[in-house]
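Good morning, everyone. Please have the sequence and the model open while I talk.

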Amino acid sequence: MNHPPPRHHGTTPRRPNIGLSPDWAQPADSAFPRYELKVPYAEAVLRAGGLPFVLPYTDDASCVDAYLERVSGLVVTGGAFDIPPAAYGEEARDGMGPLKEGRTAFEAQLIRGALKRNLPVLGVCGGMQLLAVVLGGTLFQDILKEIPGARDHEQKHDRTQPQHPVEVKNGTLLAEAVGHGQLMVNSTHHQAVNKPGTDVTVSALSPDGVVEAIESTAHAFALGVQWHPELMLGTIPVHLGVYKSLVQKAREHRR
C-alpha cells in the first residue's frame, strides 16, 4: 500500500508579549476617565509578530514588576503632553506644553524596571523623550524657541505622510531596523532631546540638527524614535522594521 509522503510544516515563530503604555483622557461627557491607545500601535506590534497588551497605570511597584514579568518587550507611546522639567533638573520655560504627571511617573517606572531586566524597550515620540530623561538626558522644552534655525517639527498635513528626512547613522540598532542613510519620517513634536544621557548614542538627526533617534549602548535594545513609524506602514513600509526589531529582540530575550 502506498502512503503519501509526510508533510513538513514550518513552525511559526513564537509571538512574544509586548506591553504598550496607553494615554489617559477625561471626556467632558463622561464621569469616568478612559485609557486610549491609537490602533496603529497595536497593529504595528501584530504585523511585526508580537502580541500587544495594554498596561493600565499604577503607582504600585509590585504591580509594575508583575507587568514586566509577563511581557517580553515594552513600547512607550507618545501623546500631546510634555515631561515635567523637574524630571531632568530644570524649571519650566516659555513654550512648554501641558503635563500628564501620573502617566509620566508610571511610564518612567516601567522604563526603569524594563532596563533593569534588560527587556527590549521602544520609545515612540514622547516615549523617546522620556527614555532619554530616564537615561540621564535633558530636553529642549520648545524647539522653535530654543534651537536657532530649527524648522517647525509639528506637521500640519496627514501624519501617514512624511514631513522631512533624517540621516540614520550606520552601525546602530536603528540602521539594522530600517537601513542607514536618508529616511523620510513624519513629525509631530515640539520638544526634542538636548543632552542624550549616559551611554546613549544619537542614531538619527534631521537636517536642522534636531535629534531624531537615540539608543542605549548599555542595554541589549533600548531605542527611541522621535517620529511615529506605526503611522507610515502603508506609505513607507520600511518603518515596520522598527517594530520588527523590537519583537525579535523580545523573542530572543525569553528563549
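First, some ground rules. This is a predicted model, where local features need pLDDT of at least 70, side-chain atom pairs count only at pLDDT 80 or more, and totals for chains, interfaces and linings use all residues. Residues are numbered from 1 along each chain as its sequence is written, and side-chain values use heavy atoms, with hydrogens and water left out.

Let's start with empty space. Rolling a probe the size of a water molecule over the atoms shows where empty space is left. Here the search runs on a 1 Å grid over the protein atoms alone. A cavity is a set of points where a 1.4 Å probe fits but cannot get out. A pocket is an open set with protein on both sides within 12 Å along at least five of seven lines. Lining residues have an atom within 4 Å of a point. Grid points are joined across faces, edges and corners, and a volume is the space filled by probe spheres set on the points.

Now the largest pocket. Its volume is about 420 Å³. It is lined by 26 residues, and the closest to its centre are Gly78, Gly79, Ala80, Phe81 and Thr188. What classes of residue make up the lining of the largest pocket? There are 8 nonpolar, 11 polar and 7 charged residues. For these classes, Ala, Val, Leu, Ile, Met, Phe, Trp, Tyr, Cys and Pro count as nonpolar, Asp, Glu, Lys and Arg as charged, and the others, Gly among them, as polar.

Next, the cavity. The whole structure has 1 cavity of 30 Å³ or more. The largest cavity holds about 60 Å³ of space. Its lining includes Thr77, Gly78, Phe81, Arg103 and Glu107. Which helix gives the most to this lining? Helix 4 does, with 4 residues. Helix 3 and helix 4 (126-134) each supply at least two. Helices here are DSSP runs (H or I, at least four residues), strands are too (E, at least two), and both are numbered from the N terminus. By class, the cavity lining has 3 nonpolar, 6 polar and 2 charged residues.

On to salt bridges. A salt bridge is a side-chain nitrogen of Lys or Arg within 4 Å of a carboxyl oxygen of Asp or Glu. How many are found in the whole structure? The search finds 9.

Take Glu107 and Arg103. They form a salt bridge, with the closest N and O atoms 2.9 Å apart. Both sit in helix 3, and because they are 4 residues apart, about one helical turn separates them. Are they buried or exposed? Glu107 is buried, and so is Arg103. Buried means under 20% relative accessible area, exposed over 50%, and partly exposed in between (1.4 Å probe, protein chains only). Asp23, Lys100, Arg103 and Glu107 are linked in a network of salt bridges.

Now Glu90 and Arg93. Their closest N and O atoms are 2.8 Å apart in a salt bridge. Glu90 has 24% relative accessibility, so it counts as partly exposed. Arg93 counts as partly exposed too, at 35%.

One more pair. Lys145 and Asp94 meet in a salt bridge at 3.4 Å, N to O. Lys145 lies in helix 5 (143-146), and Asp94 lies in the loop between strand 5 (73-76) and helix 3 (101-117), so the pair ties together parts that are 51 residues apart in sequence. Lys145 and Asp94 are both exposed.

Thr188 counts as buried because its relative accessibility is 15%. Its side chain joins that of His228 in a polar contact of 3.4 Å. A polar contact is a pair of N or O atoms within 3.5 Å; within protein, one must be able to donate a hydrogen and the other to accept it, and residues adjacent in sequence count only if both atoms are side-chain atoms.

Then Gln163, in the loop between helix 5 and strand 8 (164-168). Gln163 is buried, at 19%. Its side chain reaches the backbone oxygen of Asp152 at 3.4 Å.

Last, His180, in the loop between helix 6 (173-178) and strand 9. Why does His180 count as exposed? Because its relative accessibility is 53%. Leaving aside neighbours within four places in sequence, His180 is in contact (heavy atoms within 4.5 Å) with Val168, Lys169, Asn170 and Ala175.
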